[in-house]
Amino acid sequence: VNTPAQAAGRSDTTSAMSGALTAFYQKIKVVHVEAGLRTHNKYSPFPEEIYRRIVTPIAEYHFAPTAQSQKNLLDEKVSAKQIWITGNTGIDAFHWAASLESPWPDPRLEVLDDPAVSLVVVTAHRRENWGAPLDRIVEAVRRVAIRRPKVLVVWPVHPNPLVRNAVESRLSDIPNVVLTEPIDYIPFARLLKRADLAISDSGG
């Protein structure tokens, strides 16, 4: 059916790139949400930066989150008539999800109902950090937790064994560190809203 379509998923995922290519083959117009994100380093983030660049020339409509994203597209000769600055859809979704006040997904998190409890939320999983970089992140979190025993550190641990082994081997014995399974989006938004500090290697 020759109707407008949007590449599925985030702007720079495998599914977004594959959807855009499929639409191109079928001569279906593509709407690109979060268009124009660039680091100008094709290996960082890997492989997302190249996925973003592949979708851009295919897309008919570009919904850019910021003026800088718009400028990136204009620099790549995308027509200004095809670009709209929409704001950051991820931030809009976060505010909506955080407002729902969903139940804590792990009973160990119920202490967070006490507003006096300070909270640090940590996530780290990107492939660029596997090995020594992740070890340094884990060690830094360990030092913070030991030096600040009244601060609760919550780390939803990615299931990748390279990540899980590095995190659990160094942090599972610290009383004020709570290692959980990955948390669904809505309760995780509540967790981030509650946090005094968030440490992450993933902007998403």
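A crossing of two helices is called left-handed if the near helix is turned anticlockwise from the far one by less than a right angle, and right-handed if it is turned clockwise. By that convention, helix H1 passes helix H2 in a left-handed crossing in this predicted model. The axes of H1 (residues 14-25) and H2 (residues 48-58) come within 9 Å and cross at roughly 25 degrees. Since angles under 35 degrees count as roughly parallel, H1 and H2 are therefore roughly parallel to each other. On the H1 side, the contact is made by Thr14, Ala16, Met17, Ala20, Leu21 and Phe24, and H2 brings in Tyr51, Ile54, Val55 and Ile58. Sorted by class, that contact has nine nonpolar residues, one polar residue and no charged ones.

Helix H5 (residues 132-147) packs against helix H6 (residues 161-171) at an angle of about 30 degrees, with the two axes 10 Å apart. That makes H5 roughly parallel to H6. The handedness here is right-handed. The H5 residues in the contact are Leu134, Asp135, Val138, Val141 and Arg142, and they meet Leu162, Val163, Ala166, Val167, Arg170 and Leu171 of H6. In terms of class, the H5 and H6 contact has eight nonpolar, no polar and three charged residues.

Stepping back to the whole fold, the protein chain has seven helices and eight strands. The C-alpha atoms fill a box of roughly 55 × 35 × 30 Å along the principal axes. Of the 204 residues, 40% count as buried. Among contacts between residues at least 6 apart in sequence, 67% join residues at least 24 apart.

Asn129 sits in the loop between S5 and H5. With a relative accessible area of 19%, Asn129 falls under the 20% cut-off, so Asn129 is buried. The side chains of Asn129 and Asp201 are joined by a polar contact of 3.0 Å. Setting aside neighbours within four places in sequence, Asn129 is in contact with Asp201 as well as with Leu134 and Ile137. Leu134 also belongs to the H5 side of the packing with H6.

Phi of His40 is near 65 degrees, a positive value in a residue other than glycine. His40 is exposed, with a relative accessible area of 58%.

Lys27, in the loop between H1 and S2, likewise has a positive phi in a residue other than glycine, near 60 degrees. Is Lys27 buried or exposed? At 69% relative accessibility, Lys27 counts as exposed, the cut-off being over 50%.

Terms used:
Residues are numbered from 1 along each chain as its sequence is written. This is a predicted model: local features need pLDDT of at least 70, side-chain atom pairs count only at pLDDT 80 or more; totals for chains, interfaces and linings use all residues. Side-chain values use heavy atoms; hydrogens and water are left out. Axes are lines fitted to C-alpha atoms, for helices over the stretch in contact, and angles run from 0 to 180 degrees between N-to-C directions. Helices (H or I, at least four residues) and strands (E, at least two) are DSSP runs, numbered from the N terminus. Angles under 35 degrees count as roughly parallel, over 145 as roughly antiparallel, 65 to 115 as roughly perpendicular and the rest as oblique. Contact means heavy atoms within 4.5 Å. Ala, Val, Leu, Ile, Met, Phe, Trp, Tyr, Cys and Pro count as nonpolar, Asp, Glu, Lys and Arg as charged, and the others, Gly among them, as polar. Buried means under 20% relative accessible area, exposed over 50%, partly exposed in between (1.4 Å probe, protein chains only). A polar contact is a pair of N or O atoms within 3.5 Å; within protein, one must be able to donate a hydrogen and the other to accept it, and residues adjacent in sequence count only if both atoms are side-chain atoms.
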